[in-house]
Amino acid sequence: MLAALPERHSPTITVSCATCHHGSPLPQTTQAMLAEAIEKGGLDSAMARYRRLRTDMVNGRYDFREGPINDVATMLAARGRAPDAIRLLEMNQEFFPNSADVDVTMAEVYLKSGDRDKAITRFRAALVKRPNDQRVLRRLQELGVSASGGTR
């Protein structure tokens, strides 16, 4: 049946419970939708599309939790597009202001782009939201700083 579709994604999408089409003629994950929108129209266009889709939640077609945006931001950072990744994460933080995971992802992007100070700030922000996060405490220790401020 899929082989008969006139339009298919490239690269192909692995179908799982997250790709249930909910009436969409071309099922895709939130990550694939955003990546495709970024590729075709740029980051601003993709962010505008995400905001529009999120407004009516499109009958459950997409996963609007924080994870998919973090995933796309990580992918952008890996491709050397850290400023775009940060902008995407800032949007994600608007929707999930209490998410330590958004802060951690942003910290990792900052580290990858060489901005150690901003990374530390984001790791510490994550600890405010999730004080006993061992992964974050370990990352700060690796950076030679304490959770509260200063160096070790």
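## Ser 99 and its surroundings

Leaving aside residues up to four places away in sequence, Ser 99 touches Glu 66 and Lys 129, where contact means heavy atoms within 4.5 Å. The position of Ser 99 is the loop between helix H4 (82–95) and helix H5 (100–112). Helices (H or I, at least four residues) and strands (E, at least two) are DSSP runs, numbered from the N terminus.

Ser 99 has a relative accessible area of 6% and is therefore buried; buried means under 20% relative accessible area, exposed over 50%, and partly exposed in between (1.4 Å probe, protein chains only). The side chain of Ser 99 also reaches the backbone nitrogen of Asp 101, at 3.2 Å.

## Basis of the model

This is a predicted model, in which local features need pLDDT of at least 70 and side-chain atom pairs count only at pLDDT 80 or more, while totals for chains, interfaces and linings use all residues. Residues are numbered from 1 along each chain as its sequence is written, and side-chain values use heavy atoms, with hydrogens and water left out.

## Overall make-up

The chain has 7 helices and 0 strands, and from the N terminus on its elements run α-α-α-α-α-α-α. Of its 152 residues, 38% count as buried. Among contacts between residues at least 6 apart in sequence, 45% join residues at least 24 apart.

## Arg 54

Helix H2 (residues 43–56) contains Arg 54. Arg 54 counts as buried because its relative accessibility is 16%. Not counting residues up to four places away in sequence, Arg 54 touches Phe 64, Phe 95 and Phe 96. Phe 64 is 10 residues from Arg 54 in sequence, and their C-alpha atoms are 6.9 Å apart.

## Nonpolar cores

A nonpolar core is a set of buried Ala, Val, Leu, Ile, Met, Phe, Trp, Tyr and Cys residues joined through side-chain atoms within 4.5 Å. The largest has 27 residues, of which Leu 34, Tyr 50, Leu 88 and Val 109 touch the most other members. Helix H1 (30–41), H2, helix H3 (66–78), H4 and H5 each give two or more residues to this core, and H4 gives the most, with 6 residues.

Leu 88 touches Leu 43, Met 47, Ile 69, Val 72, Ala 73 and Leu 76, not counting residues up to four places away in sequence.

Notes
Polar contact = N/O pair within 3.5 Å; in protein donor to acceptor, adjacent residues only side chain to side chain.
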